[in-house]
Amino acid sequence: MAECSTNTLGRALSHPTLIETNDVSPPSVQLHPSRWRKLSSCSSLENLEKVTSPCGSESRVLVINTGGTIGMTLHDTGYAPKANALVENLRKLPILHDELYAHQTCLYEYYKLENTLVLPPSKLNKRIIYTILEYSPLLDSSNMTTEDWGRIGKDIEKNYENFDGFVILHGTDTMAYTASALSFMCEHLGKPIVLTGSQVPIYELRNDGRDNLLGALLIAGQFVIPEVCLYFYNKLYRGNRVTKVDASSFNAFNSPNLPPLATAEVDFKINWDTVWRANTTAKFQVRTELNRNVGLLRLFPGITASTVRAFLQPPMQGVVLETYGSGNAPDNRPDLLEELSKATDNGVIIVNCTQCLRGTVSASYATGRVLMDAGLLAGGDMTPEAALSKLSYVLAKKELTLDAQKKMMAQNLRGEMSADLEGAKLCLSDSRFIQVIAKSLSVSCKEELEAIRDALTPSLACAAAKIGDTEALVALKEMGSDLRLGDFDGRTPLHIAACEGHLRLVQYLLNQGASVHAKDRYGDTPLCNAVRFRHKDVVRLLRKTGAHFSREQLEEAGSELCSLAASGDKEGLDIWRIAGADLTRPGYDGKTAIEVAQAAGNKDVVEVLNSCMNSKTMNGAAIEFTAKPALL
Ligand SMILES: NC(=O)C[C@H](N)C(=O)O
């Protein structure tokens, strides 16, 4: 921690004095100063030297336990969820909880949460602290409804700013539906949400629950993959691309039309090219309104017109028709086609999806074109689960006209369908720059070229961000570079642009999917950098996009605010206010900024602070954090 104490926000706020006054040399673990403070009064202080982790950092994950096999036991009626048993069980598993570390670092005292656990250090040297929120009753996922999806969404929204990632424990039977639904409900998502579960309860000797939970936690706590994902049997999938394909294998899920986002091998291999990029500058929010008048209808030879008619009766508003092959239906059945036409004329949205596990619907066959003529929308390569939940989400947007809803159904909203990439593929060999380097290194194959590109472009992109050269960034992007990647210090172009105050460039990077939550090796986000270098416009834009201080940074801000108040620095205080700091937060000695300003006789600072605190309409209103996260 000592070497991290000079030039970034978090480091500037650390309190070496705390360590001195307690006369305890810091262990190599990077704890937040507030935990240090707690530690000083903790009975386990004498054990400090046993904290063995080398200099790592911590991240926080919220685990929402909805039920499913992972936490089931065998009852008279068969397998059913067991309440209040998971935390106790995990606490006894050394791969899922490091009791010594928790004790030595006063984890329970600090978080005041019995259900907070900590993983042993990861290979990337991170400690993942996770808090389990268990639902009551726990459900077999066959019992889940759209209301349960809404509850999960709202709990994530409530706790969004307190955690780096989210894991949802869920039964496998309807996990693909929940994952799809959440992917649409979570708008402008900037953090990972990973669903997982198991085929065998975690309490049994041989089970897949431990590995699945561990993998999901490691991903949610270490990688900014801003998607609703599903982790199972060593693979991370996009949630709206999966389907359950096996009732009894550990390898229960498949993502037939999209390769996994990541694979857990010796190391996690993230397929960053596939990871979804946000293209808006809006804040995260969850839309819980879903339309329940939707359904799935699977075509089969000999289906009667009256069955179809009955299915399409009001109040039905949206149907996924599961057709044959590449989206085909009998073109010698005018009775069926008439029922479909009547329904679409009456405003029912019918989406054509294939019954096949893999592939897309197309208009290659006459038997497919008749469905287009009947007013069906092509569902591309969407899974029926994704198409159904997308319908439910889109139809709940009552502010949209029917035409706008249909248009939205045809759009790729969250990576649930493949865009028609004909002619749009980026070609690495277009880049003269990379070519010249590749030539000088005598490489020619695609993989080697890509490796060179990936090694060089993060630094080049940061250099372009430093001088505000948007054109250079556009050119790098066209080469296929991922502008979200960080340099050797984990500093992304967005960090650099935020430091330099290049507002337009910040906007451009956000439009390209740069993450406001990316942390560099010192734990700093672009927001920390923009505050430090006092770029108000950038701070405003980042806040608008959902950037926020972590709970620890907010706690530590008190001392910085006091020092600004002592030196009469109104501008400095204002920028912290805009960034979302709580101006009433006391410093390390318990005094607030206003008290410090009063003592120093800085009248106008007192006035400014008073007016800020009285003004309800102020921009970037202070966020009040309680000692406990909002979930309690
Ligand atoms: N493996 C499982 O989790 C199946 C269980 N019936 C569920 O979906 O809740």
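The following is a working chat about the predicted model shown above.

Biologist: What should I know about the model and its numbering?
Modeller: This is a predicted model, in which local features need pLDDT of at least 70, side-chain atom pairs count only at pLDDT 80 or more, and totals for chains, interfaces and linings use all residues. Residues are numbered from 1 along each chain as its sequence is written.

Biologist: How many helices and strands does the protein have?
Modeller: There are 25 helices and 19 strands; these are DSSP runs numbered from the N terminus, with at least four residues (H or I) for helices and at least two (E) for strands.

Biologist: In what order do the strands of the open sheet run?
Modeller: The order is S4-S5-S1-S6-S8-S9-S10-S13-S14, 9 strands with mixed pairing; two strands pair if DSSP finds at least two bridges between them.

Biologist: Which strands stand at the edges?
Modeller: Strands S4 (116-118) and S14 (268-270) do; each has a single partner strand, so one side of each is left without a neighbour in the sheet.

Biologist: And S6 with S8, parallel or antiparallel?
Modeller: S6 (residues 165-169) and S8 (residues 193-196) pair in the parallel sense over 4 bridges. Ile168 stands opposite Leu195 in S8.

Biologist: Which strands does helix H8 touch?
Modeller: Helix H8 (residues 175-185) packs on the sheet and touches S8 and strand S9 (228-232). Contact requires C-beta atoms, placed from the backbone, within 7 Å.

Biologist: Changing topic, where does UniProt place the "binding site"?
Modeller: The unreviewed UniProt entry places that feature at Ser141, Thr172 and Asp173. They span 33 residues in sequence, yet no two of their C-alpha atoms are more than 6.9 Å apart, so they gather at one spot. UniProt positions are in the numbering used here, feature names are shortened, and annotations may be inferred rather than shown by experiment.

Biologist: Is Ser141 buried or exposed?
Modeller: Ser141 is buried, with 21 other C-beta atoms within 10 Å. The classes are buried at 20 or more other C-beta atoms within 10 Å, exposed at 12 or fewer, and partly exposed in between, with C-beta atoms placed from the backbone. Ser141 belongs to the loop between S5 and H7.

Biologist: And where is Thr172?
Modeller: Thr172 is in the loop between S6 and H8 and is buried, with 23 other C-beta atoms within 10 Å. Leaving aside residues up to four places away in sequence, Thr172 touches several residues, including Ser141, Lys244 and Ala252.

Conventions. Two residues are in contact if their C-beta atoms, placed from the backbone, lie within 7 Å. Axes are lines fitted to C-alpha atoms, for helices over the stretch in contact, and angles run from 0 to 180 degrees between N-to-C directions.
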